[in-house]
Amino acid sequence: TDEFAGEVEELPAAEIGGFLGEFKLTKDLPLDGDGVTLMEKVQVNGPTAHEVFEYGREYFPGPVTANFGCCLLFDETGECVGRFHGIKEAEECAAALDELVVGV
């Protein structure tokens, strides 16, 4: 998203995966495949927020406060089972993702 004062340079959607592959937080995560789908840039707050973030807030209320500030995990039924601050809770997010994938 571009909602957070230009924290991240503007990238075409096709280049986001490569950027995230080099980023400390996401370099070891599967970014496409193995049950993970990388979204294109979307709005995460307000009236134009993407439906995935609206749905996630039904389970875990509150705004996203920064780029990489929200990791939503969904189980195989589509239920939102976790919300983590992408940077502050990176280890917790990775552990929950591992548990979710292993449990499938």
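This passage looks at the overall build of a predicted model and then at one residue, Asp75.

The model is predicted, so local features need pLDDT of at least 70 and side-chain atom pairs count only at pLDDT 80 or more, while totals for chains, interfaces and linings use all residues. Residues are numbered from 1 along each chain as its sequence is written, and side-chain values use heavy atoms, with hydrogens and water left out.

The protein has three helices and four strands, in the order α-β-β-α-β-β-α along the sequence. Here helices (H or I, at least four residues) and strands (E, at least two) are DSSP runs, numbered from the N terminus. Of its 104 residues, 29% count as buried, meaning under 20% relative accessible area with a 1.4 Å probe, protein chains only.

Now for the hairpin. β3 and β4 run antiparallel and are joined by four bridges; strands pair if DSSP finds at least two bridges between them. Cys71, for one, has Phe84 in β4 as its bridge partner. Five residues sit between the two strands, and Gly78 in the turn has a positive phi of about 95°.

Asp75 belongs to the loop between β3 (71–74) and β4 (80–84). Leaving aside residues up to four places away in sequence, Asp75 touches Val81 and Leu100, with contact meaning heavy atoms within 4.5 Å.

Note on methods: Buried means under 20% relative accessible area, exposed over 50%, partly exposed in between (1.4 Å probe, protein chains only).
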